[in-house]
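Student: I would like to go through a structure with you. Could we start with the overall picture and then turn to single residues?

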Amino acid sequence: MALAVPIILSQMSTPLLGAVDTAVVGQLPNPIFIGGVAVGSLIFNTLYWVVGFLRVSTSGFTSQAHGANNNVELLYSLLRPMLIAMVIGGLLILFQEPVKWQL
């Protein structure tokens, strides 16, 4: 339960971001703002789920290394996904301008 409750809360919070943003922006007079929030939350949720493999694979490798009491592999199970996430984040930052040009 000590691990399950925080994981469940974090999984529930991601879709709630778009709902809360929609509720706040829904108070504005122009409906175009709600459309912008809908597109933004859709992009955010899609990107979050696309890189979900990092979370799933990290937990498996971490539990294997912890079970084997292998501290070096525990460190690697942290550093490998962190490096992949930094590369993906860097690519997103690098290509944000060309993506804006296409829109």
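Student: Of the 103 residues of the protein chain, what percentage count as buried?

Tutor: The share of buried residues is 11% of the 103 in the protein chain. Please keep in mind that this is a predicted model.

Student: What is the radius of gyration of the protein chain, and what would a compact globule of 103 residues have?

Tutor: The protein chain has a radius of gyration of 18 Å, whereas a compact globule of 103 residues would have one near 13 Å. Along the principal axes, its C-alpha atoms fill a box of roughly 60 × 40 × 15 Å.

Student: How many helices and strands are there?

Tutor: The protein chain has 5 helices and 0 strands. Read from the N terminus, the order of elements is α-α-α-α-α.

Student: And among contacts between residues at least 6 apart in sequence, what percentage join residues at least 24 apart?

Tutor: In the protein chain, 44% of those contacts join residues at least 24 apart.

Student: Which residues make the nonpolar surface patch?

Tutor: The patch of about 810 Å² is made by Met 1, Val 5, Ile 8, Leu 9, Met 12, Leu 16, Val 20 and Val 24. One of these residues, Met 1, lies in the segment before α1, which covers 4–25.

Student: Why does Met 1 count as exposed?

Tutor: Met 1 counts as exposed because its relative accessibility is 78%, and the cut-off for exposed is over 50%.

Student: A change of topic: where is Thr 58, and which backbone oxygen does its side chain reach?

Tutor: Thr 58 sits in helix α3, residues 52–67. Its side chain reaches the backbone oxygen of Leu 54 at 2.4 Å.

Student: Leaving aside neighbours within four places in sequence, which residues is Thr 58 in contact with?

Tutor: With those neighbours set aside, Thr 58 is in contact with Ser 77 and Pro 81.

Student: Last one: where is Asn 70, and what is its relative accessible area?

Tutor: Asn 70 is in the loop between α3 and α4, the latter being 71–94. Asn 70 has a relative accessible area of 34%, so it is partly exposed.

Student: What distance separates the C-alpha atoms of Asn 70 and Pro 29?

Tutor: Those two C-alpha atoms are separated by 58 Å, with Asn 70 and Pro 29 lying 41 residues apart along the chain.

Technical notes:
Residues are numbered from 1 along each chain as its sequence is written. This is a predicted model: local features need pLDDT of at least 70, side-chain atom pairs count only at pLDDT 80 or more; totals for chains, interfaces and linings use all residues. Side-chain values use heavy atoms; hydrogens and water are left out. Patches are made of residues with over 30% relative accessible area and no salt bridge: like charges are joined within 9 Å, nonpolar side chains (Val, Leu, Ile, Met, Phe, Trp, Tyr) within 5 Å. Accessible areas come from the Shrake-Rupley method with a 1.4 Å probe; for residues, only the protein chains shown count as cover. A salt bridge is a side-chain nitrogen of Lys or Arg within 4 Å of a carboxyl oxygen of Asp or Glu. Helices (H or I, at least four residues) and strands (E, at least two) are DSSP runs, numbered from the N terminus. Buried means under 20% relative accessible area, exposed over 50%, partly exposed in between (1.4 Å probe, protein chains only). A polar contact is a pair of N or O atoms within 3.5 Å; within protein, one must be able to donate a hydrogen and the other to accept it, and residues adjacent in sequence count only if both atoms are side-chain atoms. Contact means heavy atoms within 4.5 Å. The radius of gyration is taken over C-alpha atoms; the globule rule is 2.2 Å times the number of residues to the power 0.38.
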